[in-house]
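I'm jotting down what I look up, one residue at a time.

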Amino acid sequence: MDALNRFQALRLFHPFTCPNHPGKRDNDRALIATRDGWRCRHCTYTQDWAHSWMVTVADEAERLESMVRIGNLRARRKNEQENDND
């Protein structure tokens, strides 16, 4: 459930959306994963399936994001150390 909601937030692919709100932006139409399936936040629309690979993509994206944050932190520290040595 959490991984599916993370997948929706990634915006790597078009999120699952409610067809009952065509005038709303995708962010507003995006379905929310619950224990009972996907739910629309604005109406009673539900969806009872997801692609199995969506969980893997969400987990991998989160891992890569952590690596990028660590890399950025290391680069910042290196730049600070170089500036201190100047």
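Predicted model: local features only at pLDDT ≥ 70, side-chain atom pairs only at ≥ 80, totals over all residues.

Where is the place of Thr17? I found Thr17 in the loop between α1 (2-10) and α2 (26-29). Helices here are DSSP runs of H or I with at least four residues, numbered from the N terminus.

Residues are numbered from 1 along each chain as its sequence is written, and side-chain values use heavy atoms, with hydrogens and water left out.

**Entry: Thr17**
Is Thr17 buried or exposed? Thr17 counts as buried because its relative accessible area is 15%. The cut-offs are under 20% for buried, over 50% for exposed, and partly exposed in between, with a 1.4 Å probe and protein chains only. I also looked for a partner: the side chain of Thr17 makes a polar contact of 3.1 Å with the side chain of Arg29. A polar contact is a pair of N or O atoms within 3.5 Å; within protein, one must be able to donate a hydrogen and the other to accept it, and residues adjacent in sequence count only if both atoms are side-chain atoms.

**Entry: Gln8**
Next I went to Gln8, in helix α1. Gln8 is buried, because its relative accessibility is 5%. Its side chain reaches the backbone nitrogen of Phe16 at 2.9 Å. Leaving aside neighbours within four places in sequence, I listed the contacts of Gln8 (heavy atoms within 4.5 Å): Pro15, Phe16, Ala30, Leu31 and Trp38.

**Entry: the core**
Which residues make up the largest nonpolar core? I wrote down 11: Ala3, Leu4, Phe7, Phe16, Cys18, Leu31, Ala33, Trp38, Cys40, Met54 and Ala58. Helices α1 and α3 (53-85) each supply at least two residues of this core. The top giver is α1, with 3 residues. By definition, a nonpolar core is a set of buried Ala, Val, Leu, Ile, Met, Phe, Trp, Tyr and Cys residues joined through side-chain atoms within 4.5 Å.

Met54 sits in helix α3 and is buried, because its relative accessibility is 1%. Setting aside neighbours within four places in sequence, Met54 is in contact with Leu4, Phe7, Phe16 and Trp38.

**Entry: the outside**
Is His14 buried or exposed? His14 is exposed, because its relative accessible area is 52%. I placed His14 in the loop between α1 and α2.

Trp53 lies in helix α3, and Trp53 counts as partly exposed because its relative accessibility is 38%. Glu80 is in helix α3 and is partly exposed too, with a relative accessible area of 44%.

**Entry: distances**
I finished with some C-alpha to C-alpha distances. Met54 and Arg41 are 13 residues apart in sequence and 21 Å apart in space. For Glu80 and Arg41, I noted 39 residues in sequence and 46 Å in space. His14 and Lys24 are 10 residues apart along the chain, and their C-alpha atoms are separated by 14 Å.
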